[in-house]
Amino acid sequence: MNIFRFLQVFFLIIFSINLSAQNKKISISGEVKDAQNGEDLIGAVVAVPSLKLGVSTNAYGFYSLSLAPGKYDLEISYVGYQTQKITIDLNENTRLPVSLKVKESELNEIVVKTDKPDAVNVQSTKMSVVKLDIKQVKKIPLLLGELDIVKAVQLLPGIQQAGDGNTLFVVRGGNVDHNLVLLDEAVVYNPSHVLGFFSVFNGDAIKDFEIYKGGIPSNFGGRLASVLDVRMKDGNNKQFSASGGIGLLSSRLTLEGPIVKDKGSFMISGRRSYFDVFFPFSEATKDATAFFGDINLKANMTLGKNDKIFVSGYAGRDKLGFGKFFGFGWGNYTGTIRWNHLYNDKLFFNTSLVYSKYDYGFDLNISDNLNFRRSNYINDLNLKVEGNYYLSPKNSLKFGAKASYLKFEPGVRTKITAASTINDASLPAKRAFQQDYFVSHNLQINARFSAEYGARLTLFSNIGEGRSINYLNNQTVVLENGFLKEGTPLTGDAQFTNYKAGDVYQTNWGIEPRINMVYQLNSVSSLKASYNRMYQYMHLIQNVTASTGQEFWTPTDRYIKPQSADQVAFGYFKNMQDNTIELSAEVYYKWMNNTVELRNGADIQFNEAIESQVVAGIGRSYGIELFARKQNGQTTGWISYALSKSERKANFINNGDWFNFRFDRRHYLTVVVNHDLSKRISLGANFVYATGEAYTEASQRYQILGSSQPSIFYGARNGARLPDYHRMDVSVTINRKKRPGVNYKNESNWVFSIYNVYGRKNAYTLSYENDQSGNPIIQKWYLFTFVPSVTYNFKF
């Protein structure tokens, strides 16, 4: 197949659409910003109501409209901001920057006094996508009072937490590694702090985020289930400001201000936990270590009329342990350099150089003769170019290319003391080079029907320096006397194939078609449909769900094939009460191939032959999601419900029959409510109910002659369920009192919250033990009953 010839024909078709009309039109373009701090507003709508036309700003706040010469009334809107109306007499290409003001609520009014909200959620081709305002997230009561966008995302339909209080999440039957988590375009490989109880995202440093559960645009790829796209604040380019919070277990501080007023700004934000400060006061914990810290940095500068530079970075670290006996820690590091360039009023380019690293280390120090330190990491360096071409308000094009160099270090083991009997060792590093090319076309065919369609071409190559193991008949696992065994490596010189630096020894590739369609039934309701195919070329190998870092990433290679997923979805969207209430219902079906499943009894600890510990499977997930949301007025929030099923099937597991995916939960209900009692006091509450997680239950215990310990025989994989999960969280926010007629520049509030207010003991894990009579019992363990917290927030 000549893919380049296909792209040539595709572009010729696109550029020929309305070509004669384009020659007669004039462009109006610019950026939409926050009037108070100069932040770019992503997804703001610039509309011409008389023509029923409009466009949204891109990830950098840029928009472009092509119109015939004449006089027009423009409306610029964004959620949480006052709509601005501008009249313009258009007779030449015009640059029109816009600044929007934040909405101000009026006391004793049920509805906020602003212009009528727009119906973008109904009109847009996007579906299976939810965007939350960071101001709304601040009102949600969460564990330990920490502002956490991941915990907020877990309250949306089709998204669930991977354990009580955990920030790892599961989307529409995918695994925790099937989610692409981005921070300013850099991949965050482990988005968790403190065993998963906190996420790496400091809410004070975040400007904007949205999550895609389906209908994923072609500019995203590399994971099967979802994309969580998070953008840091650029920094206030109007004036210096500081904000922060002091909580029971951690505190945070953010500083931002102009480098050159209205041209450049900076932002620095840091957090540090301090529960380890109290450990020395208790005999039981005086030798314990447990803390996390992170820092976000960002700066930007406008370089003339058409260029802007952004530099951003993140560093986070966790450390847990007990004295000198054992300890472990992990860290995420990202860096992004971006250059925005406007070639003309219709063509916008962004070029990014992006670096990500995730590492984990584990120390065990039993004695001077028995100790070691083990570590692993992944390095990711990529260069990406993306373009937006705005042919007309009804016709736009997005395209780009990306090249990535990846290095996987699965394990390095070193002695802590010279006397240790554990020898130094290291597993061979693995390297890969990935290429991605994408194009998408957004086309409004008529007043009712619009579509965004495109494709992504991915090529993943394993490269040297490195080696791979050779197996007899290429079988990495075999059956022997009815039991699953590792494959038989060849011996001698034939056991390994070694590759020199730069050698390409395996290449996998795939084409990922994407399409989203919307048919508007009327101005406030529509039908939508989407299809996307996704490939995943790197895989998380783990046998635990808590984010302790006891995990590592491994690439697709000669034996582990790329995972793939196809998903179709259909939805009905409707707005009510002047677009203040959003309703949606979606059904979806997803089928997956080459899922990576640990075989029974897998040994993944410091094992080079990891391909012998996993088997390829298939999966399916399907369900219906209902969502109702109100974003305006004194009372806001949402209700979501998901009815779904997710299963897996693999050779050598569960006799080759379908089995429940561990995070298969038939019912998942969430309710989030926020109510402003006054300008000073607001209340928040959320409720979660979910079917219990699936697990593999022990069905028999037996004693082998000569053995002192009983053996356990397990039943069908994930054939049993933990009890249903439910909890309610509540909070009250008290803002600083303001006297009438006084203009306060400083702001502060107290937030009091209780997580799991009625003390439900939700099962987190279980163990098999004996009661006082020696009879075997299942012991269920839980993490939290009710957890109170208090936080003081300030801004000046």
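Mentor: Begin with the terms: two strands pair if DSSP finds at least two bridges between them, and strands (E, at least two residues) and helices (H or I, at least four) are DSSP runs numbered from the N terminus. This is a predicted model, in which local features need pLDDT of at least 70, side-chain atom pairs count only at pLDDT 80 or more, and totals for chains, interfaces and linings use all residues. Residues are numbered from 1 along each chain as its sequence is written, and side-chain values use heavy atoms, with hydrogens and water left out.

Trainee: How many helices and strands are in the protein?

Mentor: The protein has five helices and 53 strands, and 53% of its 796 residues count as buried (under 20% relative accessible area, with a 1.4 Å probe and protein chains only).

Trainee: In which sense do strands E40 and E41 pair?

Mentor: Strand E40 (residues 614-630) and strand E41 (residues 635-650) are antiparallel, with 14 bridges between them, and Ile624 is placed opposite Leu643 of E41. The two strands form a hairpin with four residues between them, and in the turn Gly633 has a positive phi of about 105°.

Trainee: Which residue in E43 is the bridge partner of Ile639?

Mentor: That partner is Val671; strand E43 (residues 667-676) runs antiparallel to E41 and is joined to it by nine bridges.

Trainee: And how many bridges join E41 to strand E42?

Mentor: Two bridges join E41 to E42 (residues 659-660), again in the antiparallel sense, and here Glu647 stands opposite Asn660.

Notes:
Buried means under 20% relative accessible area, exposed over 50%, partly exposed in between (1.4 Å probe, protein chains only).
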